[in-house]
Amino acid sequence: YNKDNKEFINDIQKNRVPLEFRRFDDDKKPIPVSIVLEDHRSDNYPLELWMKQQQKAMQNSSSSFQGEGRTLGGNNTTTTKPNGNINNNSNQNIVKSLVSWFVLLISFLRQLYMKVVVKLLQSTNEKKKHIVDPTQPTTIISLRHNSNKREKVEFNTNHTTEDLYRYCRIELLQETTNFELLAGFPPKTIISTATTTLQEAELINSTVNVRIIFDSKN
(Lines give C-alpha, C1' and ligand atoms only; values in the text may rest on other atoms or scores of the structure.)
Protein backbone atom coordinates (compact mmCIF):
# COMPACT_ATOMS: atom_id res chain seq x y z
CA TYR A 1 0.00 0.00 0.00
CA ASN A 2 1.07 3.59 -0.50
CA LYS A 3 2.32 6.08 2.06
CA ASP A 4 -1.17 7.45 2.86
CA ASN A 5 -2.53 3.97 3.59
CA LYS A 6 0.52 3.21 5.72
CA GLU A 7 -0.10 6.29 7.86
CA PHE A 8 -3.77 5.31 8.17
CA ILE A 9 -2.90 1.80 9.42
CA ASN A 10 -0.19 3.14 11.75
CA ASP A 11 -2.66 5.58 13.35
CA ILE A 12 -5.15 2.77 13.99
CA GLN A 13 -2.47 0.49 15.45
CA LYS A 14 -1.40 3.30 17.83
CA ASN A 15 -5.02 3.98 18.91
CA ARG A 16 -5.01 7.34 17.15
CA VAL A 17 -7.81 8.69 14.98
CA PRO A 18 -6.69 8.90 11.32
CA LEU A 19 -6.41 12.43 9.98
CA GLU A 20 -9.32 12.09 7.53
CA PHE A 21 -11.74 11.16 10.34
CA ARG A 22 -10.88 13.95 12.79
CA ARG A 23 -13.86 16.25 13.30
CA PHE A 24 -14.58 19.34 15.40
CA ASP A 25 -17.85 20.56 16.86
CA ASP A 26 -19.27 24.08 16.60
CA ASP A 27 -17.00 25.24 19.47
CA LYS A 28 -13.89 24.02 17.61
CA LYS A 29 -13.45 21.19 20.11
CA PRO A 30 -12.40 17.77 18.83
CA ILE A 31 -15.24 15.26 18.66
CA PRO A 32 -14.24 11.99 20.40
CA VAL A 33 -14.08 9.03 18.05
CA SER A 34 -13.57 5.39 19.04
CA ILE A 35 -12.31 2.72 16.66
CA VAL A 36 -13.27 -0.91 17.03
CA LEU A 37 -11.33 -3.54 15.12
CA GLU A 38 -12.69 -7.04 14.78
CA ASP A 39 -10.24 -9.93 14.66
CA HIS A 40 -11.13 -12.16 11.69
CA ARG A 41 -7.79 -13.85 11.36
CA SER A 42 -9.33 -17.19 12.29
CA ASP A 43 -11.88 -16.92 9.47
CA ASN A 44 -11.39 -19.06 6.37
CA TYR A 45 -10.75 -16.35 3.84
CA PRO A 46 -10.56 -17.21 0.11
CA LEU A 47 -6.97 -15.95 0.16
CA GLU A 48 -5.87 -18.87 2.35
CA LEU A 49 -7.67 -21.37 0.14
CA TRP A 50 -6.12 -19.82 -2.96
CA MET A 51 -2.61 -20.02 -1.47
CA LYS A 52 -3.10 -23.72 -0.69
CA GLN A 53 -4.25 -24.35 -4.25
CA GLN A 54 -1.26 -22.50 -5.66
CA GLN A 55 1.13 -24.47 -3.45
CA LYS A 56 -0.41 -27.75 -4.62
CA ALA A 57 -0.21 -26.65 -8.26
CA MET A 58 3.46 -25.74 -7.88
CA GLN A 59 4.20 -29.17 -6.37
CA ASN A 60 2.43 -30.93 -9.26
CA SER A 61 4.24 -28.88 -11.89
CA SER A 62 7.65 -29.62 -10.35
CA SER A 63 7.07 -33.37 -10.79
CA SER A 64 5.81 -33.18 -14.41
CA PHE A 65 7.53 -35.25 -17.16
CA GLN A 66 10.51 -33.45 -18.71
CA GLY A 67 12.39 -36.36 -20.44
CA GLU A 68 12.83 -37.19 -24.08
CA GLY A 69 9.99 -38.29 -26.38
CA ARG A 70 9.57 -40.61 -29.38
CA THR A 71 7.32 -40.18 -32.40
CA LEU A 72 4.74 -42.80 -33.37
CA GLY A 73 5.22 -45.14 -36.37
CA GLY A 74 8.58 -46.68 -35.42
CA ASN A 75 10.72 -43.58 -35.92
CA ASN A 76 13.39 -43.74 -33.25
CA THR A 77 14.48 -40.14 -33.68
CA THR A 78 14.60 -38.59 -30.24
CA THR A 79 13.41 -35.09 -29.45
CA THR A 80 14.29 -33.04 -26.45
CA LYS A 81 11.94 -30.46 -24.94
CA PRO A 82 13.66 -27.08 -24.95
CA ASN A 83 14.53 -25.93 -21.44
CA GLY A 84 14.02 -22.31 -22.46
CA ASN A 85 10.32 -22.84 -23.09
CA ILE A 86 9.92 -24.57 -19.74
CA ASN A 87 11.58 -21.67 -17.93
CA ASN A 88 9.46 -19.10 -19.78
CA ASN A 89 6.24 -20.94 -18.96
CA SER A 90 7.31 -21.26 -15.33
CA ASN A 91 8.07 -17.53 -15.11
CA GLN A 92 4.72 -16.68 -16.67
CA ASN A 93 2.92 -18.89 -14.16
CA ILE A 94 4.76 -17.21 -11.29
CA VAL A 95 3.84 -13.75 -12.57
CA LYS A 96 0.18 -14.75 -12.96
CA SER A 97 0.17 -16.19 -9.44
CA LEU A 98 1.66 -13.00 -7.99
CA VAL A 99 -0.85 -10.82 -9.83
CA SER A 100 -3.75 -12.95 -8.60
CA TRP A 101 -2.42 -12.86 -5.05
CA PHE A 102 -1.99 -9.08 -5.22
CA VAL A 103 -5.58 -8.61 -6.45
CA LEU A 104 -6.93 -10.75 -3.62
CA LEU A 105 -4.83 -8.86 -1.09
CA ILE A 106 -6.16 -5.52 -2.33
CA SER A 107 -9.72 -6.85 -2.10
CA PHE A 108 -9.14 -8.02 1.47
CA LEU A 109 -7.63 -4.67 2.53
CA ARG A 110 -10.53 -2.84 0.93
CA GLN A 111 -13.04 -4.91 2.91
CA LEU A 112 -11.11 -4.24 6.11
CA TYR A 113 -10.99 -0.53 5.33
CA MET A 114 -14.75 -0.39 4.73
CA LYS A 115 -15.41 -2.12 8.06
CA VAL A 116 -13.26 0.44 9.85
CA VAL A 117 -15.05 3.32 8.10
CA VAL A 118 -18.48 1.94 9.04
CA LYS A 119 -17.42 1.59 12.68
CA LEU A 120 -16.07 5.15 12.69
CA LEU A 121 -19.26 6.55 11.21
CA GLN A 122 -21.39 4.67 13.73
CA SER A 123 -19.20 5.91 16.56
CA THR A 124 -19.41 9.50 15.28
CA ASN A 125 -23.21 9.36 15.16
CA GLU A 126 -23.26 8.13 18.76
CA LYS A 127 -21.26 11.22 19.83
CA LYS A 128 -23.72 13.75 18.39
CA LYS A 129 -25.94 15.58 20.83
CA HIS A 130 -29.60 16.21 20.24
CA ILE A 131 -30.73 19.31 18.32
CA VAL A 132 -33.66 21.31 19.65
CA ASP A 133 -36.22 22.35 17.06
CA PRO A 134 -37.75 25.66 18.24
CA THR A 135 -40.81 25.10 16.03
CA GLN A 136 -41.74 21.96 18.01
CA PRO A 137 -42.92 21.67 21.63
CA THR A 138 -40.06 21.77 24.12
CA THR A 139 -39.47 20.77 27.74
CA ILE A 140 -36.84 21.37 30.40
CA ILE A 141 -35.28 18.32 32.06
CA SER A 142 -33.48 18.94 35.34
CA LEU A 143 -30.53 16.57 35.64
CA ARG A 144 -29.22 15.91 39.15
CA HIS A 145 -25.73 14.42 39.54
CA ASN A 146 -24.39 12.32 42.38
CA SER A 147 -22.86 15.49 43.82
CA ASN A 148 -26.39 17.03 43.96
CA LYS A 149 -25.48 19.51 41.24
CA ARG A 150 -28.35 20.32 38.93
CA GLU A 151 -28.29 21.13 35.25
CA LYS A 152 -31.33 22.16 33.27
CA VAL A 153 -31.35 20.97 29.66
CA GLU A 154 -33.84 21.77 26.92
CA PHE A 155 -35.27 18.97 24.75
CA ASN A 156 -38.12 18.61 22.32
CA THR A 157 -40.94 16.54 23.71
CA ASN A 158 -40.50 14.10 20.82
CA HIS A 159 -36.87 13.46 21.68
CA THR A 160 -36.31 9.92 22.94
CA THR A 161 -34.93 8.50 26.16
CA GLU A 162 -31.93 7.43 24.10
CA ASP A 163 -31.26 11.12 23.34
CA LEU A 164 -31.40 11.83 27.09
CA TYR A 165 -28.88 9.08 27.84
CA ARG A 166 -26.63 10.27 25.00
CA TYR A 167 -26.56 13.81 26.37
CA CYS A 168 -25.62 12.61 29.86
CA ARG A 169 -22.92 10.36 28.46
CA ILE A 170 -21.34 13.14 26.38
CA GLU A 171 -21.77 16.20 28.60
CA LEU A 172 -21.85 14.92 32.16
CA LEU A 173 -19.85 11.71 32.28
CA GLN A 174 -16.87 10.03 30.72
CA GLU A 175 -17.54 7.68 27.83
CA THR A 176 -16.46 4.65 29.85
CA THR A 177 -18.61 5.44 32.89
CA ASN A 178 -21.57 3.16 33.51
CA PHE A 179 -24.65 4.94 34.75
CA GLU A 180 -28.43 4.85 34.85
CA LEU A 181 -31.16 7.48 34.91
CA LEU A 182 -34.00 7.45 37.42
CA ALA A 183 -37.16 9.54 37.73
CA GLY A 184 -40.43 9.62 39.65
CA PHE A 185 -41.33 8.63 43.18
CA PRO A 186 -40.39 6.07 44.12
CA PRO A 187 -37.54 6.44 41.61
CA LYS A 188 -37.72 4.09 38.63
CA THR A 189 -35.04 3.37 36.05
CA ILE A 190 -35.53 5.07 32.69
CA ILE A 191 -35.02 2.61 29.84
CA SER A 192 -32.90 3.89 26.96
CA THR A 193 -34.71 3.28 23.68
CA ALA A 194 -34.92 4.99 20.31
CA THR A 195 -38.70 4.58 20.15
CA THR A 196 -39.94 5.97 23.50
CA THR A 197 -40.27 9.76 23.52
CA LEU A 198 -39.81 11.90 26.61
CA GLN A 199 -43.52 12.63 26.57
CA GLU A 200 -44.43 8.95 26.41
CA ALA A 201 -42.01 8.28 29.28
CA GLU A 202 -43.79 11.01 31.32
CA LEU A 203 -40.59 13.02 31.71
CA ILE A 204 -41.95 16.42 30.65
CA ASN A 205 -40.47 19.13 32.96
CA SER A 206 -39.24 16.42 35.31
CA THR A 207 -36.19 15.89 37.49
CA VAL A 208 -33.91 13.03 36.48
CA ASN A 209 -31.27 11.55 38.77
CA VAL A 210 -27.98 10.45 37.19
CA ARG A 211 -26.62 7.54 39.20
CA ILE A 212 -23.15 6.12 38.62
CA ILE A 213 -22.96 2.31 38.59
CA PHE A 214 -19.74 1.24 40.28
CA ASP A 215 -18.08 -2.02 39.30
CA SER A 216 -18.27 -4.49 42.17
CA LYS A 217 -14.73 -5.66 41.37
CA ASN A 218 -13.30 -2.24 42.13
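Which residues point one way from S5, and which the other way? Select S5, residues 179-183. Phe 179, Leu 181 and Ala 183 point one way, Glu 180 and Leu 182 the other, and all are buried. Buried here means under 20% relative accessible area, exposed means over 50%, and partly exposed lies in between (1.4 Å probe, protein chains only). In a regular strand the side chains alternate between the two faces of the sheet.

**Ground rules**

This is a predicted model: local features need pLDDT of at least 70 and side-chain atom pairs count only at pLDDT 80 or more, while totals for chains, interfaces and linings use all residues. Residues are numbered from 1 along each chain as its sequence is written, and side-chain values use heavy atoms, with hydrogens and water left out.

**Stop 1: the whole chain**

Zoom out. The protein has four helices and seven strands. These are DSSP runs numbered from the N terminus: helices are H or I with at least four residues, strands E with at least two. The pattern along the sequence is α-α-β-β-α-β-β-α-β-β-β. Of the 218 residues, 22% are buried.

**Stop 2: the sheet**

Show the open sheet of five strands, in the order S4-S3-S7-S5-S6, with mixed pairing. S4 and S6 are the edges; each has a single partner strand, so one side of each is left without a neighbour in the sheet. Strands pair if DSSP finds at least two bridges between them.

Return to S5. Five of its five residues are buried, so S5 is largely enclosed by the rest of the structure.

- S7 (residues 207-212) pairs with S5 in the antiparallel sense over four bridges. Phe 179 stands opposite Ile 212.
- S6 (residues 188-189) runs antiparallel to S5, joined by two bridges. Ala 183 stands opposite Lys 188.

S5 and S6 form a hairpin with four residues between them. Pick Gly 184 in that turn: its phi is positive, about 90°.

Next, select S3. Three bridges join S3 to S7, and the two run parallel. Arg 144 has Asn 209 in S7 as its bridge partner.

**Stop 3**

Select H4. This helix lies across S3, S4, S5, S6 and S7, at about 125° to S5. Axes are lines fitted to C-alpha atoms, for helices over the stretch in contact, and angles run from 0 to 180 degrees between N-to-C directions. Contact means heavy atoms within 4.5 Å.

Now color the largest nonpolar core, 18 residues. A nonpolar core is a set of buried Ala, Val, Leu, Ile, Met, Phe, Trp, Tyr and Cys residues joined through side-chain atoms within 4.5 Å. Leu 143, Leu 164, Leu 181, Ile 190, Leu 203 and Val 208 touch the most other members. H4 gives the largest share of this core, five residues. Center on Leu 143: among the residues it touches are Val 153, Leu 164, Tyr 167 and Val 208.

**Stop 4: the salt bridges**

How many salt bridges are there? The count comes to three. The rule is a side-chain nitrogen of Lys or Arg within 4 Å of a carboxyl oxygen of Asp or Glu.

- Arg 211 and Glu 180 meet at 1.9 Å, N to O. Arg 211 lies in S7 and Glu 180 in S5, so the pair ties together parts 31 residues apart in sequence. Glu 180 is buried at 13%; Arg 211 is partly exposed at 43%.
- Asp 163 and Arg 166 meet at 2.8 Å, N to O. Both lie in H4, three residues apart.
- Glu 162 and Arg 166 meet at 3.6 Å, N to O. They lie four residues apart in H4.

Finish by selecting Glu 162, Asp 163 and Arg 166 together: salt bridges that share partners join them into one network.

Note on methods. Lists of a residue's contacts leave out its neighbours within four places in sequence.
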